[in-house]
Amino acid sequence: KKKIAVMTSGGDSPGMTAVVRAVVRTAIHMGCDAYCVYEGYEGLVQGGDFIRQMEWHDVRGWLSEGGTLIGTARCMAFFERAGRLTAAKNMILNGIHALIICGGDGSLTGADKFRSEWPSLVDELVANGELTKDQVAPFTHLNIVGLVGSIDNDLSGTDATIGCYSALARICEMVDYIEATASSHSRAFVIEVMGRHCGWLALMAGVATGADFIFIPERPQDQDWKADMSTVVRRHRKMGKRKTIVIVAEGARDRDGTKITPTEIKDLLADKSEGGLALDTRITTLGHVQRGGTAVAYDRMLGTLQGVEAVKAVLEATPETETCFIAINENKIVRKPLMKAVQESKALAKAVDDKDFDMAMQLRDTEFAD
Ligand code: ATP
């Protein structure tokens, strides 16, 4: 019987638990034994109770849960070969043939490294006497498949990552709450959202809530962003708008690469000197509420369909096939080369077309036209 393990790694995201449920049940359905590795790579390195066999009923009720019920962690040891060597030993001792990892680009890079090193790790375990030749014989290669769990939607090659629509929904809900009080008091709010490298959440939240101004990492502001923003906000106020909402991603920068902070934006909006906007301005940092709560329908669906596909892919993989991850492209669940997507994600920020950005910003202006 094949033994397939699933783990969640890196930052948690809603829908990861749907993935675990889908992988466990699909593996059992396909005649395999299903395992969960708790606490990401840390669990793989620790072994013992961190690696547990799962039955069908163990994942009952997991579909709608937020976060991940098998834990996730950042694991320093896995960056080192010695940590990966111990991880390989624990996998072999548990008889695990294949590993499905749901995480961000770091976790998936680590997984690919683990797979490519696997034969040499096995040789080393035999050479140093930790395992016998007979013990390692059924484990000549390791099959892995990645699933992208991330609220940032920051991996190239897939339309959406598992969790991004839940985070977006939560942000929009919070902005709606803030808008009510902003309008009542005619206030301005600077809302900081997650996204150190990828502004998808900030941009889409801005589009979905009709924010007055958005700062994202992929679109560094001109040096005179202060003048630009002031002009826009002033125009909206003249049109009779009683609220001002500025959304800023954590990684927002100007063209020099200098960070644009919520405090700087607030100071500008609140500036009482001559010609200043003099708005009563507050900063709201949404923080971890963006990750929390149950998964929206899209993430449950994506986690489930991709979890099913991941089990099929890991069973069909051979030593010759390239490591793949499961993507969604034009509403189809597909397999894609993993490392190509990781490299492209580093080189190019995802899916923020300048024309789309400009159009979205114009819609905000026409809100009060005619
Ligand atoms: P997020 O998008 O939330 O940051 P991530 O998966 O990119 O998720 P990381 O912290 O980068 O999160 O990685 C999670 C874990 O994956 C690390 O703690 C480490 O154990 C492992 N890992 C990441 N990069 C590598 C690498 N290059 N080599 C080996 N292991 C790695």
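I started with Val246, which counts as buried because 25 C-beta neighbours lie inside 10 Å; the cut-offs are 20 or more other C-beta atoms within 10 Å for buried, 12 or fewer for exposed, and partly exposed in between, with C-beta atoms placed from the backbone. The model is predicted: local features need pLDDT of at least 70 and side-chain atom pairs count only at pLDDT 80 or more, while totals for chains, interfaces and linings use all residues. Residues are numbered from 1 along each chain as its sequence is written.

I placed Val246 in strand E8 (residues 244-249); helices (H or I, at least four residues) and strands (E, at least two) are DSSP runs, numbered from the N terminus. Leaving aside neighbours within four places in sequence, I found Val246 in contact with Val190, Ile191, Ala211, Asp212, Phe213 and Ile265, where contact is C-beta atoms, placed from the backbone, within 7 Å. From Val246 to Ala82 I noted 164 residues in sequence and 47 Å in space, C-alpha to C-alpha.

Next I looked up the sheet. Seven strands form an open sheet of mixed pairing, in the order E3-E2-E1-E4-E5-E10-E11; two strands pair if DSSP finds at least two bridges between them. E3 (51-54) and E11 (332-337) each have a single partner strand, so one side of each has no neighbour in the sheet. Neighbouring strands are turned by 30° against each other on average, direction ignored.

Leu147 stands opposite Ile326 in E10.

Two helices pack on this sheet in my notes. Helix H4 (residues 105-127) touches E4 (98-103), E5 and E10, and its direction makes about 160° with that of E4; axes are lines fitted to C-alpha atoms, for helices over the stretch in contact, and angles run from 0 to 180 degrees between N-to-C directions. Helix H10 (residues 297-316) touches E1 (3-8), E4, E5, E10 and E11, at about 165° to the direction of E5.

H10 also packs against H1 (residues 16-29), at an angle of about 35° with axes 7 Å apart. I list among the contact residues Val19, Ala22 and Val23 of H1, and Gly303, Gly307 and Val311 of H10.

Last, the core. The largest nonpolar core has 111 residues, with Val23 and Leu201 making the most contacts inside it; such a core is a set of buried Ala, Val, Leu, Ile, Met, Phe, Trp, Tyr and Cys residues joined through C-beta atoms within 7 Å.
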